[in-house]
Amino acid sequence: MPIREARRINGKQLQIGQVSVALKEEKRPPSEEGRCYRCLERGHKANECKGVDRSKLCYRCESKSHRAADCKQPVICGTCGGKHQIGSKKCSKQQNDAPNEEQDNA
């Protein structure tokens, strides 16, 4: 739904048959936001990025010689060295820098 339309119905009631529900905007926590296209990490956008520019690298193995679609190397995180792609929720650095709800409940 376009943002303009979503803002127009935020806080209003939706009725389907005899069921009525209140509509409200749900904000994502920073750890659930999209990935920065510059450094490939989560929690911020490219125009706010102060990290390493990885935009020309394979996001699976950080090679400059190919893109992820052609990658034959094992997956490795360029941030922590773990066996996951950079920006993954499994990344120990991501968890330390921006704790998410799962950690808070642990």
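The secondary structure of this predicted chain comes to 3 helices and 2 strands, where helices (H or I, at least four residues) and strands (E, at least two) are DSSP runs numbered from the N terminus. Residues are numbered from 1 along each chain as its sequence is written, and side-chain values use heavy atoms, with hydrogens and water left out.

**The chain as a whole**

The chain has 106 residues, and 23% of them count as buried. Buried here means under 20% relative accessible area, exposed means over 50%, and partly exposed is in between (1.4 Å probe, protein chains only). The chain exposes about 8500 Å², of which carbon and sulfur atoms supply 48%; accessible areas come from the Shrake-Rupley method with a 1.4 Å probe, and for residues only the protein chains shown count as cover. Among contacts with a separation of 6 or more, 22% are between residues 24 or more positions apart, a contact being heavy atoms within 4.5 Å.

**The strands and their nonpolar patch**

Let us turn to the strands. Leu-14, Ile-16, Val-19 and Val-21 form a nonpolar patch on the surface, with about 350 Å² of accessible area together. Patches are made of residues with over 30% relative accessible area and no salt bridge, with like charges joined within 9 Å and nonpolar side chains (Val, Leu, Ile, Met, Phe, Trp, Tyr) within 5 Å. Strand E1 (13-16) and strand E2 each supply at least two residues of this patch. One of its members, Ile-16, sits in E1 and is exposed at 60% relative accessibility.

**Salt bridges**

There are 3 salt bridges in the structure, each defined as a side-chain nitrogen of Lys or Arg within 4 Å of a carboxyl oxygen of Asp or Glu.

| Glu-5 | Arg-8 | 2.6 Å |

Glu-5 and Arg-8 both belong to helix H1 (residues 3-9), where they are 3 residues apart, about one turn of the helix. Glu-5 is partly exposed at 32% relative accessibility, whereas Arg-8 is exposed at 54%.

Through shared partners, Glu-41, Arg-54 and Glu-62 are joined into one network.

With a relative accessible area of 26%, Glu-62 is partly exposed.

Which other residue in this loop, between strand E2 (19-22) and helix H2 (92-97), comes up here? Leu-40 lies there, and its phi is near 70 degrees, again a positive value in a residue other than glycine. Leu-40 is buried, with a relative accessible area of 10%.

For "domain: CCHC-type", UniProt lists residues 35-50 in an unreviewed entry; UniProt positions are given in the numbering used here, feature names are shortened, and annotations may be inferred rather than shown by experiment. In the model, residues 35-50 are 0% helix and 0% strand, and the end C-alpha atoms are 14 Å apart.

**Cysteines**

How many disulfides does the structure hold? It holds 0, a disulfide being a pair of cysteine sulfur atoms within 2.5 Å. The sulfur of Cys-58 has its closest cysteine sulfur in Cys-71, and at 3.8 Å that is too far for a bond. Cys-58 is buried, with a relative accessible area of 0%. For Cys-80, the closest cysteine sulfur is in Cys-91, and the distance of 3.7 Å is likewise too far for a bond. Cys-80 is partly exposed, with a relative accessible area of 34%.

Note on methods
This is a predicted model: local features need pLDDT of at least 70, side-chain atom pairs count only at pLDDT 80 or more; totals for chains, interfaces and linings use all residues.
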